[in-house]
Amino acid sequence: MKKILIYLRSSVKLISLVVISLILIASAVIFIYKPIYSVTIDGEFVGYTENKGDLQTRINDYMKIGEGENVAFVQIDELPEYKMCLLKKDIVTNDDEIFDKVKNSGVTYYKYYAIVEKEEEKLYVSKFDEAESIINQLKEKDSNNKDDINIIEKYETSCADFTSVEDAVNKLYVKKVVAKPKITSVARVSSSTANTSSTVVPLGITLSKPVSGTISSRYGRRWGTMHKGLDIAAPYGTPVKAAAAGTVTQAGWNSGGYGYLVVISHGNGVETYYGHCSSIATTKGAKVSAGQVISYVGSTGDSTGNHLHFEIRKNGVTQNPQNYLY
Ligand SMILES: [Zn+2]
């Protein structure tokens, strides 16, 4: 019995000794060592972090928003791998360095918008509403290319140079083309083509009435032929005034039926003709001002009564004077 007691007592002593030493070892380990993560990227050791969660959150946020303007996302092929280990407390962690390594391995994708005209990228803007505003402004201005212009969303690894909305509209705007009149050979008194359509050709100058009187014959088809001017009946000797300023290119007798004729060139391809005059008050080559008296009403040439035969020609094509006057 006594022997057993002694044996027990020594066992307890031994056990407590073992326990105490284990606690001492454990506290020594905790005091000297700490759990830490060793980080590798693509199998290569890059450093240590104490806080795996924080570092990974920082990396995830960077992949989502990147740095700077217009970043769509950052693509990172190799993400870090973490392995827990116990290391001495004085080990240096390097979260910033690891983060920079991850960042540098990433490819940044930028998102912006291209304005394309017939599939060709013309310029770039940062935001969708800017692109939309450009399109809308071109439509409002009735730009000739408004139906060929579109927006394309771009994802690129480099950012483009952006154009402001105002500059973009100015650069892209194309004025509507107005159909040009057919240019014919040099106008001659005896022959000219006539505009018989209802299209009014813009002259680019303003005309005023050469005489006031009654219209006795209109421009257009008459007795199977083309009447290329407007006849204005007025008493013999009524002054005929230049319809606009210009240079007199003909002043004298015309054998083609116009009798005494004055022709004035106004520039812009516009000429005016004054026929059947009784007499002429200007000379060839003279510069005349608008309203200046150039001749007097008569009935010379192929004419049956006192009237002014008045023609307007644009690039050699006669036009209906009543589209502009009377
Ligand atoms: Zn006539």
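Begin by selecting threonine 304, which lies in the loop between β18 and β19 (307-314); strands here are DSSP runs of E of at least two residues, helices are DSSP runs of H or I of at least four residues, and both are numbered from the N terminus. What you have open is a predicted model, in which local features need pLDDT of at least 70 and side-chain atom pairs count only at pLDDT 80 or more, while totals for chains, interfaces and linings use all residues. Residues are numbered from 1 along each chain as its sequence is written.

Threonine 304 counts as exposed because it has 8 C-beta neighbours inside 10 Å; a residue is exposed if 12 or fewer other C-beta atoms, placed from the backbone, lie within 10 Å of its own, buried if there are 20 or more, and partly exposed in between.

Next, select strand β18 (residues 293-297), where 4 of the 5 residues are buried, so the strand is largely enclosed by the rest of the structure. Strand β13 (residues 239-241) pairs with β18 in the antiparallel sense over 3 bridges, two strands being paired if DSSP finds at least two bridges between them. In that pairing, lysine 241 has valine 293 of β18 as its bridge partner. β16 also pairs with β18 in the antiparallel sense, over 3 bridges, and here serine 279 is partnered by tyrosine 296 of β18.

From β16 (residues 270-280), step to β15, which runs antiparallel to β16 and is joined to it by 6 bridges; isoleucine 264 stands opposite threonine 272 in β16. These strands form a hairpin with 2 residues between them, and asparagine 268 in the turn has a positive phi of about 65 degrees. On to β14 (residues 246-254), which is joined to β15 (residues 259-267) by 7 bridges, again antiparallel.

Ala131, Ile134 and Leu138 are buried in α4. Seen down the axis, the buried residues of α4 fall within an arc of 55 degrees, so they line one face of the helix; the arc is that of the directions from the helix axis to the C-beta atoms. On the face turned away from this buried side, show the exposed residues Asp129, Lys139 and Glu140.
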